[in-house]
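Student: Could you take me on a close look at the local backbone and side-chain details of one part of this model? I would like a connected account, please.

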Amino acid sequence: MPYLGSEDTVRELRRALSNPNVQSDQLRYRNTILKVIRAMSQGVDVSGLFSEMVKACATVDVVQKKLVYVFLCSYATLNPELSLLVINTLRKDCQDPNPMVRSLALRNMTNLRLPSLVEYVEQPLTAGLRDRAACVRRVAVLGWAKLHNLQPNSEIDAAVVNELYSLLRDPDPVVMVNCLRALEEILKEEGGVAINKPITHHLLNRLKESDVWGQCEMLRILQRYRPQSEDELFDILSLLDVSLVSPHPQVMAATLSLFLSLCSSLPAVSLAALERVRGPLLAACGSVSREMRFTALCHIQLLLRSVPGLMGAHYKRFFCGYAEPAYIKQRKMQVLVELVNDENVAMLLDELKGYCTDVNTDTAQAAISAIGRIGRSHSDRCLEILTGLLALKQEHITSAVVQTMCDLVWVCPQYSNTVCLALEGCEETLQDSQGRQALLWLLGVYGEQVSSAPYTLEVFIDGVRSEASLGVKMELLTTTMRLFVCRPAETQDMLGRLLHYCIEEETDMCVHDQALLYYHLLHCGIEETRKVLQGRRSDPSLGVLIGRPAEPISQWACSFNTLEPLKQCTIETESASRGSPEHVTFDPKSNTDLSDTIVCSQVQKVHSGSYSANQYTDSTADVPPSTVEVPLSLSLSPALSPEEFERLWLQRQSMHAEQGAGKMEVEEDYVCLKEWVQSTAVPHCSAQSLQAAMQLVNIQTLAFTPPHTLPWRVYLYTHTHHAHSGDTPHSTLILGELLYTGEASQRTVVKKGMCEGDLLRKEGDEKEVKVTLKQQPIDDKALKGFLSILTTVLYTLSSEKN
């Protein structure tokens, strides 16, 4: 703040404060003090007037006292010795007949913030706790908390703590709430105020007497209490029932947070509570305060995780207003994506289409991205809208549409033909790096379907010298190489020019090294180059992420009514690099590296021998993955499409049915193994966690049902590679199914060490995940190793879930 005064100003104020004629006129004296406060607020250093202001506090004028106390509290730390002169006046005011003066004196005694004055403050504060005026008791209670902050290492007298506890039953509700706040601060190291049954019921019965923030404070502290019986729990819930539909959003949110905390073991009650707060939340979304609207939208997103249809009938309440800020519009669009169904999809898409031409570029791009996410389940109408937006020839709209199409074909490759037709000519409008990267990726993956792909690439290659984006250059290299593999005659010359520039003239080492790698790769032959560059065009397992599976309320209940929902920027996990969807990754748990946590704690050992339909293993030994004798590596290449997987899986299943139930599932080049794994927490893991954990060990999940659905299935595959005693590497294909029905399994197990003909041990009444593996060709050691790795992943996910 600029300096607006001078020494002459301070000198003139001192002369006026010391003038007997001014002091004798109460109005002139007050106006002079007011000038001092005004100068102080403007940044003028008036600390030299401290002595004159100390004299001015000895007055019966309450207004003058307030002004002087503001000055003294501001400059007390700069004049600790002169501040002692104020104590006598303040202690005298603490005995004034006027309760307003007493409370004012107590408040400013603690606001001086001087450790040397603590011994003078304790006695007035103790007397203030027993004052007959409620306003004095309010100030005295908070005064003890201020003293504790002033000297955090000093011990507060136990008698004071006991008196604060007794004041929890004070007839004044503000005193009661202030006592809670003071005890929370004083007893912070001990976990805060102790909440028992009498205190809990006393606070609940007096909840309505407090103001809004007092109720929120009481409800927050009551979350520590756990009812001793179910009857007591429902008594508490009955007392909270009115607050659950409070017209004040703060009280409603605090009450719901307490509800969810108390009903963690009663999901039906928690769901009923969420249904009841629908009205208050919708009302908060229409609040005049923008901050309140944004907070309500964030918490609605949280609720939709467990009850996706909670707001389905009220989707029109989330349509964006013209004058709303961009951050609220973007949140509303995220909620609208969650509320899409077959009945309202047409209306929602029409609404989102109108947002795509918003004057705010961020809002327009968010609307286009929302249409793309809806397109994963309602593609025809969405592709029509996205294609129509390309005709507008707007730079930011075209860029967002191309990125959205890039993400859409990654999840739904069946729409690649429509997307490729729409890409014709859009390179002229693209100017930003992310949009060009997305276009290049599409040309590289689907270049054989785009007739003008070589000519489009030639424009990029001709301007590579002036290209500023490192990502575009690297994507251009990969795209040109991929197009050369499928269309060599049209691409050979431009590929040579691009490699020559990147190797000989490019200064960035990343681009230079990538070009050099591709140059040496071409010397290995076209077939080897095709194998390296033949990446996946899509990831069908991402299809399950179209609709968010219902999550248990306990996963997010602890973050409700906190700042955590406001920090979450998007509803779903987006691509880390939108220009290259192949790099899509999922973080199953924040601050958790699954590659470090996949350690086998319980792995069921697979015994050697023939594999049959009724053969199972014994889980008496815990074998870590490192104990697998044969070095084994898993690979996702060559990729297996869902159609090929289905054909192989059903083909083997029908062959087994023709053989009969009593025959072994072993052929010359095929084997089937069925195993049980005690990992019942895995069916409740999120789709992101399961997919990420499998991909870390190169196991591809093709399809799986949402969590908490029965029966729960997962289909997966991988290729195993290892050498047989120094021979050439041997590769096998393994198809797998994980099945969980939620019912107890009855199975027969040959106990380790038994001879053939001995009695078999029956195991049952255990809810387990059934693992079915089909391998071709037969490789006993590879199957053992894969089962060990898969079981390790399942146990790791179970431990993370627990």
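Tutor: Happy to! Let's begin with Asn698, which has a relative accessible area of 30% and is therefore partly exposed, since that class runs between 20% and 50%. Keep in mind as we go that this is a predicted model. Asn698 sits in the loop between helix H34 (687–696) and strand E3 (700–704). Its backbone deserves a look too: phi of Asn698 is near 65 degrees, a positive value in a residue other than glycine.

You will find Lys393 in the loop that joins helix H22 (379–390) to helix H23 (395–411).

Now for the peptide bonds. The one from Gln776 to Pro777 is cis, with omega near -5 degrees. Pro777 belongs to the loop between strand E8 (769–776) and H35.

Thr791 has a relative accessibility of 1%, so it counts as buried, the cut-off being under 20%. What does the side chain of Thr791 have beside a polar atom? The backbone oxygen of Leu787 lies 2.6 Å from that polar side-chain atom, and this distance is within the 3.5 Å used for a polar contact.

How values were computed:
Residues are numbered from 1 along each chain as its sequence is written. This is a predicted model: local features need pLDDT of at least 70, side-chain atom pairs count only at pLDDT 80 or more; totals for chains, interfaces and linings use all residues. Side-chain values use heavy atoms; hydrogens and water are left out. Buried means under 20% relative accessible area, exposed over 50%, partly exposed in between (1.4 Å probe, protein chains only). A polar contact is a pair of N or O atoms within 3.5 Å; within protein, one must be able to donate a hydrogen and the other to accept it, and residues adjacent in sequence count only if both atoms are side-chain atoms. Helices (H or I, at least four residues) and strands (E, at least two) are DSSP runs, numbered from the N terminus.
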